[in-house]
Amino acid sequence: MDWTHETLLPFNKNFYRESPTAAARSDAEVREFREKNQVSVLVRDAPKPVIAFEEAGFPEYMVRSLYEAGFKTPTPIQCQGWPVALSGNDMIGIAQTGSGKTLAFLLPALVHINDQQRLRVTSTQRGDGPIALVLAPTRELAKQISDECRRFGRVTGILNTCIYGGASRQFQQRDLERGIQVVIATPGRLLDFLSSRVTNLKRVTYLVLDEADRMLDMGFEPQIRKILGQIRPDRQTLMWSATWPREVQALARDFLKNPVHIQVGSLNLAANIDIEQLIEFVDEDRKLPLLLRILDDILKDRKTKIVVFTETKRGCDMVGRALREKRMPAEALHGDKTQRERDNIIRAFKSGECQVLVATDVASRGLDVKDIQFVINFDFPGQIEDYVHRIGRTARAGAKGTAISFFSRKNARNARDLVKIMKETKQPVPQPLMDLVSVGGGGDHRASRWRPNYNSGPRSRSPRRDRYYDSRR
């Protein structure tokens with residue numbers, strides 16, 4: 001877009017009025033809060049954090065909605081992120097999954113939209129496009145964001161639509177043409193609508209890139225750059241990511257202006273410390289019997305939700321079928337399922353009708369089910385980043401959870417990174433895993449000290465697993 005020939009509506013970015021309580025907080029108190037919650041503010045300074053919903057300056061009805069939704073206090077990323085976003089600053093937010101970042105960018109977006117001029121929609125010509133745009137890597141994450149936006153935007157009449165591939169284009173186009181304030185979209189389908197001139201992004205003044213690292217991993221960088229080239233340059237941009245690789249840094253340099261950089265937790269890749277990480281050493285041909293044994297133990301005495309991750313769609317279907325043959329309440333979720341099938345499966349899982357969700361990495365980000373207690377990596381992922389995101393499906397919103405990962409000979413190259421993750425989260429590292437690192441350098445698949453726990457035939461559980469199951473019964 002050549003913006004020199006466009007007439008742009010003026011807009012306001014800064015809506016933050018520091019509360020007297022937050023303003024009275026001393027520098028020492030601010031420093032203590034940030035250290036306690038592992039909040040780092042990098043590059044440039046940020047407003048003082050808020051520690052209660054009332055301090056953020058949201059309208060009363062929005063604060064009331066937060067309490068009615070069951071939230072008691074803001075999470076660390078919200079405490080520091082809300083003042084930054086409401087101040088109109090560009091922002092980089094690095095935080096682990098389940099940290100509350102969705103509301104960290106959605107509530108300021110609703111405040112921002114309420115202050116803008118109304119959308120112009122006519123029956124004779126295409127009207128304005130959205131005011132706020134959220135880009136997400138997967139349809140599951142996009143739908144999750146859309147649900148949250150609907151819950152909190154309903155009071156003010158702010159409408160949103162979710163744009164993604166694999167669903168009816170007709171209904172999505174109808175939403176765009178009737179005028180919608182918030183669009184949550186995956187890059188491919190949005191670019192399709194922009195190319196066919198169904199909508200435009202000239203009114204977008206609030207832009208969010210969610211899970212930026214995942215979007216780049218999935219090869220969306222060219223699409224993202226095309227989309228951002230259609231948005232007015234004086235917009236407010238917020239970039240959210242769980243990790244901070246070079247590719248994400250380059251994107252931030254190109255499209256954000258003097259951003260405030262907020263980091264919650266370590267600057268390195270880190271797992272949630274509330275997740276107990278257990279490693280099961282097992283040969284490939286013994287994984288299914290071991291999974292059946294573990295699930296039988298877990299499901300016997302309790303009502304719980306479990307996600308089992310596989311590497312391939314074929315493996316996902318195979319494991320799901322094997323569990324159903326054993327009369328376990330299981331469903332398989334992967335990219336070959338239709339959108340209706342995926343919605344029905346997730347709905348059954350959330351309601352508890354399905355207790356075991358077998359999934360590929362399509363569920364490693366964007367599956368926001370609060371009461372998942374167990375994650376099982378049937379196939380250990382090829383990248384350690386995917387391991388962190390997979391196990392992050394449990395222990396969300398301050399809860400505790402357990403991740404059990406099957407580790408076979410072919411996974412030896414991930415041993416060093418796995419040991420590092422476990423040590424950083426103060427998890428006991430199994431000796432066979434340490435042996436792999438010391439003998440094979442963490443990347444040698446011929447490590448001679450390989451000793452699977454379940455090589456052949458029935459075998460008693462390890463003392464560690466006994467302690468694990470007994471502590472939860």
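Which residues of helix α8 (residues 187–195) are buried? They are Pro187, Arg189, Leu190, Leu191, Phe193 and Leu194, where buried means under 20% relative accessible area, exposed over 50% and partly exposed in between (1.4 Å probe, protein chains only). Helices (H or I, at least four residues) and strands (E, at least two) are DSSP runs, numbered from the N terminus. This is a predicted model, in which local features need pLDDT of at least 70 and side-chain atom pairs count only at pLDDT 80 or more, while totals for chains, interfaces and linings use all residues. Residues are numbered from 1 along each chain as its sequence is written, and side-chain values use heavy atoms, with hydrogens and water left out.

The buried residues of α8 pack against β3 (132–135), β4 (160–163), α7 (169–178), β5 (182–185), α9 (212–217) and α10 (221–228); contact here means heavy atoms within 4.5 Å. Just after α8, arginine 197 takes a positive phi of about 60°. Arginine 169 is partly exposed, at 28% relative accessible area, and so is aspartate 192, at 32%.

By this rule there are 24 salt bridges. Another one joins lysine 101 to aspartate 210, with the closest N and O atoms 2.9 Å apart. This pair links helix α5 to the loop between β6 (206–209) and α9, across 109 residues, and both partners are buried.

Then there is the nonpolar core, a set of buried Ala, Val, Leu, Ile, Met, Phe, Trp, Tyr and Cys residues joined through side-chain atoms within 4.5 Å. The largest one has 50 residues, of which Phe58, Phe105 and Leu107 touch the most other members. Helix α5 (residues 101–114) gives the most to this core, with nine residues. A second, separate core of 32 residues includes Ile92, Ala185, Ala252 and Leu256. Back in the sequence around phenylalanine 105, leaving aside neighbours within four places, this residue is in contact with Val134, Ile145, Tyr206, Val208, Asp210, Leu238 and Trp240.

How values were computed:
Salt bridge = Lys/Arg side-chain N within 4 Å of Asp/Glu carboxyl O.
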